[in-house]
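The following note sets out several points on the model shown below. Please read each point against the coordinates.

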Amino acid sequence: MTTPRSCDCDSPQQRLLQFTNCRLVRGHQLVRDDLWVRDGRIINPEPVFFDEQARAHKRIDCHNAIIAPGYIDLQINGGYGVDFSHDKDTIEAGVNKVAQGLVQSGVTSFCPTLVTSPNASYHAILPRIPKTVPNGAGIVGIHAEGPFINPQKKGAHPENCIQTIDKGLETLETTYGSLERIKIITLAPEKVSDPEVIGQLVAKGITVSLGHSVATLSDGERAVQQGATMITHLFNAMLPFHHRDPGLVGLLASDAVPQGQTVYFGIISDGVHTHPAALRIAYRTHPEGLVLVTDAISALGLEDGIHHIGQLPLEVRRGKAFIAGTETLCGSIAPMDECVRIFHKATNCSIVYAIEAATLHPARCIKIDQQKGTLDFGSDADFILLDDELHVLSTWIAGACVHQCVQ
């Protein structure tokens, strides 16, 4: 398999591009068809043929590659030496560095994720996270993972910064400074005493995710009935499955979820955090809700050594990341394309499903599937070219090439 001979990185947006000799991920299957792009969007070629009678300014031979929507990572703490929760004085440059690095693994959109931190850190960091990054993955909102979690399942979160929601929505606004940039909030449902808070967050367009929790299934069902629609890194930082009370894991098969509502769940398929059998259980139990996330940390792309996650030092040893001096896992160092390949191999799912778990599903989870996570006409021209082993050949954002594999 070879990459397209030209990445055409400097093409004006108005040019009409035609990608040929390719297979598109469309309609939950691989379809042999051309992909047409103009003005940063995927277009229907029929009006071009019949109304405009125009031809492509450039035809790109994809050499039988798969064209898929760009990957979307809803939970990533940093990478390439950058920690979004710790490097507040250099956050703009740090986000730029990560966004430009992520395109190498096929990620075209992401949610910078902040772990539990002091209020002052949120106030300093949130307003300074850029909204766009030239030649980098797009930022579709911020994931605030904490501080409203259960200290019994704190993982890599500093216990002295964990809070309770004691004044409803006012507590969250005081903590974060503003909710404007936040797209996802991870909280422990058993720690939410005000029944209106979750609904108020959802009304603001925020996805409420349940995690770092010792919640019972009843706690989880109550939160879902109030509007929560996601579970943070399933199986990790929550009670293990028990046959008499399956806890948050039980939401995958609960009959108390409101009709028409999908419970999505992030899952880390990095070969470390989640056993292949657990990946298969989640996939077979609730396939429409499965969302691949990296939960990547600052050590993504770095060698073994001491780094940071939020307020805590971390140590990378033998390809795994731990809180320094402990055996507590604290995030992944596997890029998204590797997670997709690991998941595909572990579950024996279709290539299309593995791709959609990192594209369509996360887009649906945060309600951006009209623009991203799809190759439908009118959607953003954020896409990747893959070989049959799901290795990234090139990455395109708004119809411009931002990364090409050198072979």
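1. Burial is classed by relative accessible area: under 20% is buried, over 50% is exposed, and anything in between is partly exposed (1.4 Å probe, protein chains only). The model is predicted, so local features need pLDDT of at least 70 and side-chain atom pairs count only at pLDDT 80 or more, whereas totals for chains, interfaces and linings use all residues. Residues are numbered from 1 along each chain as its sequence is written, and side-chain values use heavy atoms, with hydrogens and water left out.

2. Domain architecture. The protein chain falls into domain 1 (16-68 + 376-404) and domain 2 (70-366), with bounds that come from an automatic or database domain assignment. Their C-alpha centres are 30 Å apart. Contact (heavy atoms within 4.5 Å) involves 20 residues of domain 1 and 21 residues of domain 2.

3. Interface area. About 1600 Å² is buried between domain 1 and domain 2, 70% of it on carbon and sulfur atoms; buried area is the accessible area (1.4 Å probe) that two parts lose on being put together, summed over both. His28, Leu390 and Ile397 account for 34% of what domain 1 buries against domain 2, more than any other three residues.

4. The elements giving two or more residues to the side of domain 1 that touches domain 2 are β2 (29-32), β5 (58-69), β20 (383-386), β21 (392-397) and β22 (400-404). Of these, β21 provides the largest share, 4 residues. Helices (H or I, at least four residues) and strands (E, at least two) are DSSP runs, numbered from the N terminus.

5. Salt bridge of arginine 128. By the rule above, the count comes to 10 salt bridges. In one of them, the side chains of arginine 128 and glutamate 92 meet at 3.1 Å, N to O. Arginine 128 lies in the loop between α3 (119-125) and β10 (138-139) and glutamate 92 in helix α2 (residues 91-102), so the pair ties together parts that are 36 residues apart in sequence. Arginine 128 is partly exposed at 29% relative accessible area, and glutamate 92 is partly exposed at 34%.

6. Helix α6. Within helix α6, arginine 222 and aspartate 219 are 3 residues apart, about one turn of the helix, and their side chains form a salt bridge (2.7 Å, N to O). Arginine 222 is partly exposed at 42%, while aspartate 219 is buried at 16%. The buried residues of α6 (residues 217-226) include Leu217, Gly220 and Val224; among the elements covering its buried residues are α5 (197-203) and β13 (207-210). Glycine 227, with a positive phi near 130°, follows α6.

7. A salt-bridge network. Aspartate 382 pairs with lysine 372 in a salt bridge, the closest N and O atoms being 2.8 Å apart. Both aspartate 382 and lysine 372 are buried. Shared partners join Arg41, Lys372, Asp380 and Asp382 into one network of salt bridges.

8. Which residues does aspartate 337 contact, leaving aside its neighbours within four places in sequence? They are Tyr71, Ser105 and Val392. Aspartate 337 belongs to helix α8 (residues 336-347) and is buried at 10% relative accessible area. Leucine 248, in the loop between β14 (230-231) and β15 (264-267), is buried at 2%.

Methods:
A salt bridge is a side-chain nitrogen of Lys or Arg within 4 Å of a carboxyl oxygen of Asp or Glu.
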